[in-house]
Structures are given as structure tokens and as C-alpha cells.
Amino acid sequence: MSYAAAFRCFAGCPGTHPLTQPVYRCPSCGGLLEVAHDLDALRDRSPAAWMRLFDQRYRRTAWPYGSGVWGKREWVAPAVPDDAIVSMDEGGSSLFWAERYGKSIGLDDLWIKLCGNSHTGSFKDLGMTVLVSVVRQAVREGLSLRAVACASTGDTSAALAAYGAAAGLPVVVLLPRGKVSTAQLVQPIASGALVLALDTDFDGCMSIVQRLAADGVVYLANSMNALRIEGQKTVAFEMVQQFDWAVPDWVVVPGGNLGNAYALFAGFRMLKDLGVTTRLPRLCVAQAEHANPLYLAWSAGKREVAPVKARETLASAIQIGNPVSAPRAIQALEAMDGVVEQASEEELCDAAARADRTGLYTCPHTAVALVGLEKIVAKGLVGPKDRVVVVSTASGLKFTEFKVRYHEKSLAGVDARHANPPVMVPADYDHVLAALDAHAARAS
Ligand SMILES: *Cc1c(COP(=O)(O)O)cnc(C)c1O
Ligand SMILES: [Zn+2]
């Protein structure tokens, strides 16, 4: 097997760097890096042979191939040896037809790719298994490091802490104090990471961790590190595989730091480059109105994203004003005939509540994507028969406070029209029956 991948400059400066080297920016221009694969080597198998191989491995237990990421290892990080891989069977997440919600907004063929059905409850596992495995390989080859570290809006730190713990590597996470959910905060605590709660926002945490990494104190695990993208791009592989290797018409994803939007593009592009598919879907990136630098740039026709000061949003994982992967996201939007939409707090709460009433139990970021979808349906960009996939980024179970506060009607500035508080009833038969009758009368 002579498959190979290396870092190279995203803007095209010459030269490559081994994936095991702690390098996060192009040494020539200071810009972002990407992972380049030797596509010619990968053409030694026909598209049909790749599809067969991936189907044979999918969700089985022959380690490490049952993982949605490592089942595609030749296309992800081909040089990581078996015994360096740190995997907890991530990926292979559900893709289901959201029939009732879809029909409620005029779509017959709407699907949810529920990336929250993964080890730590968000899509961040997909990138983290790759990054932590490469770090373990690098440490064995002599790299010395004090810790692997990230700034996080919650889910990145949960994933890094879990995969770091599984590998026996020290982990440090920098979190904006009071801006992540209880579930997200307790995850890295339970995994034994050093949790630093800083009195700032995500962007403030990010600038400190970048400096620690530049000084060589820590290894940087944020999605600025192109290794994360390699794992995350398997969401595109996986959804195409789940559709028996057919490409949907649209994919809709919430965007914060914008690594995931680009990862989807990187995945769809690789499928096309290697002849498994023949086209790219269209892309809709949805941002919270309170943290919308990409929306502002794209709707003004600009191809450079100016940072904004992110305001507080219930979609806390995308409360990011200065997205590191903005240039990557612009490339994805250009290649995929993309659009950018935004969601207000009221809109995202309302969409989450309506989606939940069709059984979705959606996280607030997925709700932002649903608002984006509803807007492009209203604009006529998406037709009733189009196949649409919403990338649901985390489990709704991580966002209990959001749901509780909505249904208690205690979210400031939000008219919780679909609130469904419990009815207090004395413990006797007649009162329960009366409550059922009263409910039926209200519903009719
Ligand atoms: C990280 C995250 C996002 C945003 O992904 P980016 O790659 O930063 O754009 C969206 N939703 C959830 C739940 C996340 O954890
Ligand atoms: Zn460069």
C-alpha cells in the first residue's frame, strides 16, 4: 500500500510537510494548510472496488474498520499504523428520512444526518480520532509535547478530552466561562483534562491557545489543524454511501469556525475526483445572526470575511466572530454553488420546537440549519422533490438547559409559542381523566 498524504499550503505555496509534524500554518505565507492526498495512487482501485471495500467494512467489528472514519482510512490518513489508531467506533451515524418535519416545510425528501449519534455526542469525534491518532504516532516517533490543547465552545473539548484519555495523552482545554452547557463542561472534567475556564469568549480562548501552540508549549487540536478536516470529511463519504453512493441535491450545515462546511466540500470533492460520484451537491451554510461574519461577507458579495464581535447566542457552539476556516468555507461555497443564511434567536427557538414536535429533539445549532433550510425553500432555491440532507451537528441531549428554558418560557426575548410544560395533576384517576379531556378540548 503506497498511499500517501501530507500537509501543504492552502494558498498554493510550494512544499509539503509530514502529517506527524506539529505545523499549523504555512511556514512561507502564514496561511492555512490542507492535507493533500496522492490521488493517482488511490486510482489503483476502481471506483467500484472502493465502494465494495467500504461497504464490506461499514459498521463491522474488524478493528479499526468498523469506525466510520477508519473504514475509509486510505482516503483519510493512510500512513497511521494500526497500533497508533485511537478509535471509539465514531461515525456510522444515522441518516434518516425526516418525513413529517420535511412535509411541514414542503419537502418530500428531507434527511437528517445525525452526527450527534457518536461517542461524545457531536461530529467533533470524527476529526479528533484522526488528530489524536496522528499525535500518538508522532509521539512514538519522538515528538515531545506537554499536552494536546484546544479552545472550545464545548464539543471540541469533550471530544479531545475523551480521545486524549483513551490514548493516555495529557489534555488541556480552554473554555469561555459560563458559555458552554453543563453537559459539555462536565465531559472534559470527567475525562480528566485540565479544564481552564476563562473569562472571555471563544475568540479570546482561541488567540491564547494559538500562542501556546506557536511557542511549542502544546499541540494544537483546533480545526485550524487540517488533520481535523480529514476526519470530518467522512460525513460526506458516509452520507453518499448510505444513499447507495448517490449524491443529494443540497446539504445544509450550521457554521461557526467553518471547518465543518469545508470538510463536507473536501469529502464530496474527493468522491468526485476518484470517480465514485459525478457531481457536488449545493451547500447552504447557516449562521446565528448573533455570530454571522460569513453571512455578512457573502451577502455583500465579498470573498474575504471580516471578523465581528460575536454576541451571545443559544447556539453556543457557533458563537464565533473570527472563524479560522473562513477562506476554506469561501472555497467550498464557490465550488458548491453555495448560499449563506442566518437565524435569529427567536427563529432558531421556533424551528427547534417545531422540529422537536415531529420527534427530532434537535440541538440549537441544527435548529439554525433548519432555519437556513426553511429560508432557501421559501426563496424557491430548493424544490419539493429535491433530496436535502441537514447535517445535525450534536445530540439534543447535550442542550437540556436550552430545552428546559424554552418550555418554561424563561428565555428572554423569545416568544415560546410551542412551549409544552408538564401539567401538575393530583394522583387520582378522575383528575387524570379530566386532564386528558381538557387537553383534547385545547387541541381541537
Ligand atoms: C463545532 C460545532 C459546530 C460548528 O462547526 P464549525 O466547524 O466550527 O463551523 C456546529 N454545531 C456544533 C454542535 C458544534 O459542536
Ligand atoms: Zn503558503
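**Close-up views of ligand 1 and its protein chain**

**Figure 1. The backbone of L258 faces an oxygen atom of ligand 1 at 2.8 Å.** The polar backbone atom of L258 and this oxygen atom are separated by 2.8 Å, within the limit for a polar contact (a pair of N or O atoms within 3.5 Å). The model is predicted, so local features need pLDDT of at least 70 and side-chain atom pairs count only at pLDDT 80 or more, while totals for chains, interfaces and linings use all residues. Residues are numbered from 1 along each chain as its sequence is written, chains are lettered from A and ligands numbered from 1 in the order in which they are written, and side-chain values use heavy atoms, without hydrogens and water. L258 belongs to the loop between β10 (250-254) and α10 (259-273), and its phi is near 75°, a positive value in a residue other than glycine.

**Figure 2. K124 and G259 also approach oxygen atoms of ligand 1.** For K124, a polar side-chain atom lies 2.7 Å from an oxygen atom of ligand 1. For G259, a backbone N or O atom is found 3.2 Å from an oxygen atom of the ligand. Taken on its own, ligand 1 has 380 Å² of accessible area (Shrake-Rupley method, 1.4 Å probe), and the protein covers 97% of this area.

**Figure 3. A shell of 14 residues surrounds ligand 1.** Each has a heavy atom within 4 Å of the ligand. The closest are K124, D155, G256, L258 and T393. By class, the shell holds five nonpolar, seven polar and two charged residues, with Gly counted as polar and Asp, Glu, Lys and Arg as charged.

**Figure 4. The peptide bond from W63 to P64 is cis.** Its omega is near 0°. P64 is found in the loop between α2 (47-57) and β4 (94-97).

**Figure 5. The protein chain contains 16 helices and 13 strands.** These elements are DSSP runs (H or I of at least four residues for helices, E of at least two for strands). The radius of gyration of the chain is 22 Å, close to the 22 Å that the globule rule gives for 444 residues, so the chain is as compact as a globular protein of that length. This radius is taken over C-alpha atoms, and the rule is 2.2 Å times the number of residues to the power 0.38. Along the principal axes, the C-alpha atoms fill a box of roughly 75 × 50 × 45 Å.

How values were computed: Polar contact = N/O pair within 3.5 Å; in protein donor to acceptor, adjacent residues only side chain to side chain.
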